[in-house]
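Work through the following exercises with the sequence and the model in view. Each task is followed by a solution that goes step by step.

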Amino acid sequence: MRTLAILLLTAAPAFAEGDLFIYTWGEYTPPDLVAKFEKEFGVKVHIDSYDSMETMIAKLRAGGAGYDIIVPGDATMQVLIAEDMVEKIDVFAMPNFANVDEKWREVYWDPKREYSAPWAWGSTAFAVDTAVVKGDTSSLAVLFDPAEEVKGRINMLRDMNDVINMAERYLGVPRCSENPDAMKRVLELLETQKEWVKSYDSETKELLVSGEAVVSMAWNGYSMRARDEKPTIAYVYPKEGYTGWMDNVAVPKGAPNLDNAKAWVNFVMDPENAAMITNYARYSNGIKGSEAFIEPALAAAPEINPPADAPAPEFIPTCSPAATALIDKVWTKLMN
Amino acid sequence: MKLHRLLLAPSLGTILIFMALPIALTTLYSVLTPAQHGGVIWQPSGEAYVRLMFERDIFDDTLSFNADYLQILGRSALQAGFATILCLLIGLPTAWFIATRPPAQKSLWLMLVTVPYWVNLLVRTIALLLMLRDEGPINGALQSMGLTDGPLPLAYNNFAIGLGLVSSFLPFMILPLYAAIERFDFSLLEAAYDLHASRWQAVWSVILPILRPGLIAGGLLVFIPGIGSYLAPDILGGGKTLMLGNLIGMQFQGSRNWPFGAALSTVLMSVTLIALILVARRAAREAA
Amino acid sequence: MALLDTRARDIRNLPGVGVTAALAVAFLYAPILFLMLYSFNDGRSISRLDGLSFRWYRAVFANEEIGGAALNSVLLAVIAASLATVMATAAALAMVRMRVRRKAATYAVLNFPLMVPEIVTAIASLIFFSAIGLGLGFGSLVIAHTTFCIPFAYLPIAARLTSMDAGLEVAAADLYARPLRRFALITLPLLAPGLLSGWLLAFIVSLDDFIISSMLSGPGSTTLPVHIYSMLRLGITPEVNAVSSLMVLASALVVILSGLISRRKT
């Protein structure tokens with residue numbers, strides 16, 4: 001009845017009633033999940049993709065890009081809420097919210113979960129080829145104080161924040177540091193390491209599988225893909241800490257199909273549906289009970305089940321302008 | 001309205017409205033203050049331009065000279081020059097070859113050169129890297145034939161970057177050169193041959209005037225985009241340096257300093273604009 | 001001996017020209033053949049073969065996003081290249097054959113799109129288009145692509161006109177009274193290689209563009225490069241190779257078809 005009232009009141013064009021426009025990373029949305037939603041709700045789903053959070057923000061800021069669903073990362077989500085660019089849809093009150101794992105309910109980027117639901121989460125650390133790299137690999141020293149056989153065969157992600165965060169952990173410097181002296185040490189460490197780095201490349205899987213790199217910074221999902229093709233690849237949760245990230249489902253301000261968007265948000269918090277995401281994208285979801293529907297090999301994968309003694313992932317908000325300026329400076333000098 | 005104005009109006013109008021006007025806006029951004037999450041605050045500031053050459057001390061606010069950005073500009077210009085020369089060396093003979101084919105084959109050859117460009121540059125560049133690297137098919141073949149003991153360092157160096165630049169820009173040189181020399185009257189050249197003693201004299205006196213417009217066009221089409229390009233060094237060079245293209249991109253993305261990005265781009269545009277006007281003036285003088 | 005002598009004098013057979021051209025073509029096609037091979041990979045790798053299959057082609061045909069993106073890209077490139085070629089031809093005729101005041105400045109404006117870094121064009125256009133109330137989508141993509149394609153079409157066409165002997169057109173002017181007929185019968189056919197070069201360059205530039213398209217596309221108008229870049233986050237699979245191979249196949253068909261047509265004409 002309420003939906004009917006909304007439909008009558010908004011007087012949207014007839015075709016818009018049955019559409020949902022999703023704006024997300026490429027190949028991130030399982031086709032079977034889309035088919036199931038379309039069948040259940042009689043809605044046609046359209047997917048467009050972005051290559052970076054900045055592109056997405058720029059388009060939303062320019063006003064009404066016409067999307068119903070976006071999938072921002074944690075830090076981006078915080079910015080979108082602060083700048084009033086997402087709809088308050090009271091996710092916490094949705095029927096399926098009860099399925100959300102307690103640890104993803106009170107998060108820094110959306111403390112009351114008024115705006116967003118979990119989609120998938122993962123971590124950024126590094127992977128080693130255990131056939132070449134012997135001994136204890138639990139420390140970032142593998143990358144920053146490499147053994148002879150590793151020198152010249154290291155790959156780092158081509159992402160200034162990820163690289164600098166990792167160097168900061170090795171040196172014990174806090175993330176988003178505004179201390180120029182500390183950042184100078186970070187630069188010195190990275191400059192020393194650059195001699196031994198083969199490439200700064202985010203396509204890490206092919207590098208590891210081919211043996212071109214024997215140690216590489218990696219996302220856990222990528223590392224799992226690499227292990228599928230080369231069993232000696234192991235993902236490491238370094239003892240100095242590592243970055244965690246979560247992508248969230250949210251609705252941009254002015255979404256043309258708000259009801260369908262809300263239906264989607266509730267839909268992805270269902271355990272069976274969330275499991276589809278994990279099976280397809282190979283990243284954990286944040287939904288209790290989804291384990292039962294995840295492929296057994298995947299559910300047991302070391303990449304998404306950190307060992308008991310591993311530190312907790314660190315989620316990092318957007319740095320202050322002063323800290324960002326220092327990061328920019330370090331990266332520019334490193335790449336000069 | 002005069003005919004020439006009518007002919008120029010659509011292209012000039014399109015560029016002025018949909019390119020120059022928006023760019024003028026972003027140029028304005030270069031003298032504003034960056035907003036925290038990207039974008040600008042409408043508060044005038046000259047900081048972006050100061051930063052091009054100077055580093056501000058965090059403690060006492062004094063300025064010291066900083067050559068980082070000049071180095072990046074220099075490196076990018078060098079890369080563009082390198083790309084232009086390589087494309088010229090390979091493109092000129094290729095264009096010449098195509099222009100001397102029988103008439104029915106010419107456009108086929110031309111299209112043949114552009115077919116690979118239906119594949120996205122990123123995908124082509126990654127494929128090139130996969131071929132060149134230590135574990136790639138080229139090194140594999142060389143080693144299995146017993147020609148080399150270990151892998152040759154083909155990837156992650158300037159050689160690889162050079163190949164990447166050629167694969168990025170080659171048709172931008174070939175096509176204008178071909179357009180200029182196609183249907184060149186070769187009997188003219190033979191006549192020149194009979195008159196002049198040396199082959200090179202013949203080439204210079206007869207061919208160069210025909211070739212020049214194509215050389216200028218091809219040179220501009222490779223050199224100017226070459227300054228901003230960065231896929232070849234990023235992927236084939238191992239991503240160990242910054243080019244102007246990714247430096248500017250970085251300011252609009254991760255570093256969230258739009259005014260500085262706009263300032264860098266304004267400087268780049270001014271330099272190329274001045275160079276272009278000089279080229280145009282010279283070309284006009286010679287034609288007159 | 002005499003035979004050898006004329007051969008050596010024939011400028012058409014400059015030594016090394018054919019070899020260089022062959023090498024250039026081989027160099028351009030080598031990565032394409034390499035990536036085509038891996039489009040048949042049974043595994044997920046784009047550099048290690050785990051048996052052959054059509055798995056990734058099936059994936060492309062089942063994937064509405066990637067297929068739609070490829071169609072968007074081709075359609076956009078055809079429209080933008082054609083519009084840019086028409087405008088550039090008109091501009092080149094004026095610039096090369098007529099007296100234009102402030103020629104250097106006009107020349108600079110025509111080539112201005114070349115000089116702006118892509119990311120700046122992208123952001124400036126995004127802000128401008130939304131400020132004037134032009135929504136994001138296929139329409140805004142056509143406008144932006146046409147604009148930045150103009151110099152790529154203009155430079156080869158103008159180069160052709162400059163090197164073309166104006167004598168024929170002048171002779172024609174003496175014979176025919178009407179300039180339009182003169183243009184259609186003399187100038188246009190002579191200009192053809194320039195038009196083809198200009199159109200092809202504009203086409204491949206539009207087809208390859210990623211940054212501007214990613215900022216200006218709206219719902220339903222994602223292009224293939226935007227889709228491919230967005231896949232980097234989760235890893236490139238041979239699906240990209242498969243869709244790229246299909247693009248090459250489509251373009252090869254166009255080439256063969258135009259070859260057949262031109263053969264019938266002659």
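**Exercise 1.** Among contacts in chain B between residues at least 6 apart in sequence, find what percentage join residues at least 24 apart.

*Solution.* Begin with the term itself: two residues are in contact if their C-beta atoms, placed from the backbone, lie within 7 Å. Counted in this way, 66% of the contacts in chain B between residues at least 6 apart in sequence join residues at least 24 apart. The model is a predicted one, in which local features need pLDDT of at least 70 and side-chain atom pairs count only at pLDDT 80 or more, whereas totals for chains, interfaces and linings use all residues. Residues are numbered from 1 along each chain as its sequence is written, and chains are lettered from A and ligands numbered from 1 in the order in which they are written.

**Exercise 2.** Decide whether F252(B) is buried or exposed, and state which residues it contacts beyond its neighbours within four places in sequence.

*Solution.* Next apply the cut-offs, by which a residue is buried if 20 or more other C-beta atoms lie within 10 Å of its own, exposed if 12 or fewer, and partly exposed in between. F252(B) has 26 other C-beta atoms within 10 Å, and therefore it is buried. Finally, leaving aside neighbours within four places in sequence, F252(B) is in contact with W258(B) and G261(B), and also with I119(C) and I123(C) of chain C.

**Exercise 3.** Describe how helix α1 of chain B packs with helix α5 of chain C.

*Solution.* Two packed helices are described by the angle between their axes and the distance between the axes. The axes are lines fitted to C-alpha atoms over the stretch in contact, and angles run from 0 to 180 degrees between N-to-C directions. Helix α1(B), residues 3–29, and helix α5(C), residues 103–110, pack at about 60°, with axes 9 Å apart. This angle makes α1(B) oblique to α5(C), since angles under 35 degrees count as roughly parallel, over 145 as roughly antiparallel, 65 to 115 as roughly perpendicular and the rest as oblique. The residues that make the contact are L8(B), S11(B), L12(B), I15(B) and L16(B) on α1(B), together with T106(C), V109(C) and L110(C) on α5(C). By class, these residues divide into 6 nonpolar, 2 polar and no charged, where Ala, Val, Leu, Ile, Met, Phe, Trp, Tyr, Cys and Pro count as nonpolar, Asp, Glu, Lys and Arg as charged, and the others, Gly among them, as polar.

Conventions
Helices (H or I, at least four residues) and strands (E, at least two) are DSSP runs, numbered from the N terminus.
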